[in-house]
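Here is a short note to read beside the model. Take the points in order, and find each residue as you go.

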Amino acid sequence: MGWFSPTEIAAAKRGGTIGDVMGYDFFDIYGQPANTTLQGRVLGINRSDLERIPNVIAIASEQSKATALLGALRTGVIDTLATTTVNAMTVISLDDITRKTPVA
């Protein structure tokens with residue numbers, strides 16, 4: 001969207017950022033907040049705001065969004081996902097691959 005420079009985006013990705021909610025609430029593949037300087041630079045609805053909404057719908061069709069979709073789903077704020085079958089299957093596969101093993 002032009003809010004961040006390519007250098008800033010590359011640095012965020014190197015730090016583990018894989019997606020965002022509405023361009024400013026950044027997360028990693030585990031749905032945890034990302035440690036990035038991009039966080040909080042754009043105004044809008046944040047994660048705690050979304051938690052108070054009864055049905056949050058995420059929409060993404062680009063195949064490049066699979067990791068971001070998984071991270072977004074893992075934040076716990078998404079109730080409904082509208083995406084392609086390919087994305088859905090990729091997200092399920094990525095979830096299996098990246099799931100953290102519980103500590104005994």
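1. Start with helix 3. Its buried residues pack against strand 1 (19–21), strand 2, helix 2 (47–51), strand 4 (80–82) and helix 4 (85–98). Keep in mind that this is a predicted model.

2. How many of the ten residues of helix 3 are buried? Seven are, so the helix, residues 66–75, is mostly covered, buried meaning under 20% relative accessible area. The buried ones are Ala66, Ala68, Leu69, Leu70, Gly71, Ala72 and Thr75. Just after the helix comes Gly76, with a positive phi of about 90 degrees.

3. Now the core. The largest nonpolar core has eight residues. Ala72 of helix 3 is one of them; the others are Val21, Phe27, Leu50, Val56, Ala58, Val77 and Ile78. Look at Val77 in particular. Leaving aside residues up to four places away in sequence, Val77 touches Arg47, Leu50, Glu51 and Val56. Leu50 and Val56 belong to that core too.

4. Next, the aromatic rings. A pair of aromatic rings is described by the distance of the centres and the angle of the planes. A search of the whole structure finds one such pair. Phe4 and Phe26 form it, with 5.7 Å centre to centre and 70 degrees between the planes. Why is the pair called edge-to-face? The angle is 70 degrees, and planes over 60 degrees apart count as edge-to-face, so the name applies. The pair links distant parts of the chain: Phe4 sits in the segment before helix 1 (6–14), Phe26 is in strand 2 (residues 25–27), and they are 22 residues apart. Both Phe4 and Phe26 are buried.

5. Side chains of opposite charge can pair when their charged atoms come close. The structure holds five salt bridges. One of them joins Asp25 and Arg47, at 3.8 Å from N to O. This pair also links distant parts of the chain, with Asp25 in strand 2 and Arg47 in helix 2, 22 residues apart. Are these two partners buried or exposed? Asp25 has a relative accessible area of 9%, so it counts as buried. Arg47 has 15%, so Arg47 is buried as well.

6. Compare that with another bridge. Asp49 pairs with Arg52, and their closest N and O atoms are 2.8 Å apart. Asp49 is partly exposed, at 24% relative accessibility. Arg52 is exposed, at 63%.

7. Some bridges join up. Arg74, Asp95, Asp96 and Arg99 are linked in a network of salt bridges. Within it, the side chains of Arg99 and Asp95 meet at 2.1 Å, N to O.

8. Finish with two threonines. Thr98 is in helix 4, and Thr7 is in helix 1. Which is buried and which is exposed? Thr98 is at 15% relative accessibility, so it counts as buried. Thr7 has a relative accessible area of 61%, so Thr7 is exposed. A polar atom of the Thr98 side chain lies 2.7 Å from the backbone oxygen of Leu94. Not counting residues up to four places away in sequence, Thr98 touches Ile29, Tyr30, Leu70 and Arg74. Leu70 is one of the buried residues of helix 3. As for Thr7, its C-alpha atom is separated by 18 Å from that of Asp28, 21 residues apart along the chain.

Terms used
Residues are numbered from 1 along each chain as its sequence is written. This is a predicted model: local features need pLDDT of at least 70, side-chain atom pairs count only at pLDDT 80 or more; totals for chains, interfaces and linings use all residues. Side-chain values use heavy atoms; hydrogens and water are left out. Rings of Phe, Tyr and Trp (its six-membered ring) pair if their centres lie within 6.5 Å; planes under 30 degrees apart count as stacked, over 60 as edge-to-face and the rest as tilted. Helices (H or I, at least four residues) and strands (E, at least two) are DSSP runs, numbered from the N terminus. Buried means under 20% relative accessible area, exposed over 50%, partly exposed in between (1.4 Å probe, protein chains only). Contact means heavy atoms within 4.5 Å. A nonpolar core is a set of buried Ala, Val, Leu, Ile, Met, Phe, Trp, Tyr and Cys residues joined through side-chain atoms within 4.5 Å. A salt bridge is a side-chain nitrogen of Lys or Arg within 4 Å of a carboxyl oxygen of Asp or Glu. A polar contact is a pair of N or O atoms within 3.5 Å; within protein, one must be able to donate a hydrogen and the other to accept it, and residues adjacent in sequence count only if both atoms are side-chain atoms.
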